[in-house]
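Student: I would like to go through the terms used for this model and see what each one rests on.
Tutor: Then let us take them one at a time, value against cut-off.

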Amino acid sequence: MKKYICLRDDDTNYYTSVEDINNAYGDILGSIPITLATIPMVHGSEQTILLFNREREKFRRLRNWEIEASPDVLTEYHKIHPIGDNDELISFLKPLIAEGKIEIAQHGVYHRYTERGPEMFRGRISFEAIRDGKEYLEHIFNCEVRTFVPPSNSIDPWCVECLSKLNMHLFSSGSIKYNNIGHMMVSYFKDPLSVIDKIKHGRFFKSPIYRRCGIDMFGGLTVNSNEDEKEIIKRIEYELNANGFVAIGTHYRAFANNEYKVKYYNILSNYLKDATVEFVTADNYYKIARKVMKG
């Protein structure tokens, strides 16, 4: 049976260097496709939140940091940096995109965090901003952007409906965030096909693609620095054996830790020379899975 693997990397943005990408993927760049979840216009909180990632109250800690920061620091912090201003990165990626070796997915709009959390929730982002972010990436990289990856794998039904209007599909390792049970029931009522899909998905077959809030979505697993290599391989094998598809996520920054880099490539080595495995972009992953589902 043919099996498909999608490699997803989050957070490519204005601050990302060519060296960052080469350090993470130089050994395989050009030989197998990689989907870069790319931030169109990054806000300073995307990096600053990393200071508090291990804190339980990281969003509150971020807000306290904002209150205490100096005017000069805040001036830089609140600047929006479009990825198109990184000429070296764009020049490096565009030929790889044209050859199908790199795919651009949209990763939020600003990757903005506040004390309420990430941006992809009603009242924190607008439809126009999501649309403009998509169109901006398409203009900058001269490609179609069909896949959306929400920052922190967090998104609510209203934002999902925005993606549906833009004819996109959702790639998230988390579930859609409802306010409460009532909110979830209203969402299913508005899209009855989601109910049918949920029943089918749970009882009759396991598919990598499922419908929610009027959109097709799929998930994946993440290679975490603190997770045992054998356990990650075990999870990958489970997904491949269950339905023939698995998406594997990471962040290019993690490869600065050589121990993590070795672990990631050890995991990939199980599949790089496997003739039954094909590595695909997120959009092709979606298209192939849909075709398989339809028989």
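**Terms and the values behind them**

Tutor: In this predicted model, one aromatic cluster is formed by Tyr4, Phe171, Phe218, Phe245, Tyr285 and Tyr286. A search of the whole structure finds 15 aromatic pairs.

Student: What makes tyrosine 14 and tyrosine 15 an edge-to-face aromatic pair?

Tutor: Their ring centres are 5.0 Å apart and their planes stand at 80 degrees.

Student: Why are tyrosine 14 and tyrosine 15 called partly exposed?

Tutor: Tyrosine 14 has a relative accessible area of 25%, and tyrosine 15 has 35%. Buried means under 20% and exposed means over 50%, so a value in between is called partly exposed.

Student: What kind of aromatic pair do tyrosine 25 and tyrosine 264 form?

Tutor: That pair is edge-to-face, with 6.3 Å from centre to centre and 75 degrees between the planes. Tyrosine 25 lies in helix α1 (residues 18–25) and tyrosine 264 in helix α11 (residues 258–268), so the pair ties together parts 239 residues apart in sequence. Tyrosine 25 counts as buried at 1% relative accessibility, and tyrosine 264 counts as buried at 1% too.

Student: How do you know that the charged end of arginine 8 sits over the ring of phenylalanine 171?

Tutor: The charged end is 4.8 Å from the ring centre, and the distance limit is 6 Å. The rule also asks for a position within 35 degrees of the ring normal. Arginine 124 likewise has its charged end over a ring, that of phenylalanine 121, at 4.3 Å from the centre.

Student: Is glutamate 227 buried or exposed?

Tutor: Glutamate 227 is buried, because its relative accessibility is 18% and the cut-off is under 20%. The residue is placed in the loop between β12 (221–222) and α10 (229–243). Beyond its neighbours within four places in sequence, glutamate 227 is in contact with Thr222, Ile232, Arg235 and Lys263.

Conventions:
Residues numbered from 1 in each chain as written. Predicted model: local features only at pLDDT ≥ 70, side-chain atom pairs only at ≥ 80, totals over all residues. Heavy atoms only, no water. Helix = DSSP H or I, 4+ residues; strand = E, 2+ residues; numbered from the N terminus. Buried < 20%, exposed > 50% of the residue type's maximum accessible area, 1.4 Å probe, protein only. Contact = heavy atoms within 4.5 Å. Phe/Tyr/Trp six-rings, centres within 6.5 Å; stacked < 30°, edge-to-face > 60°.
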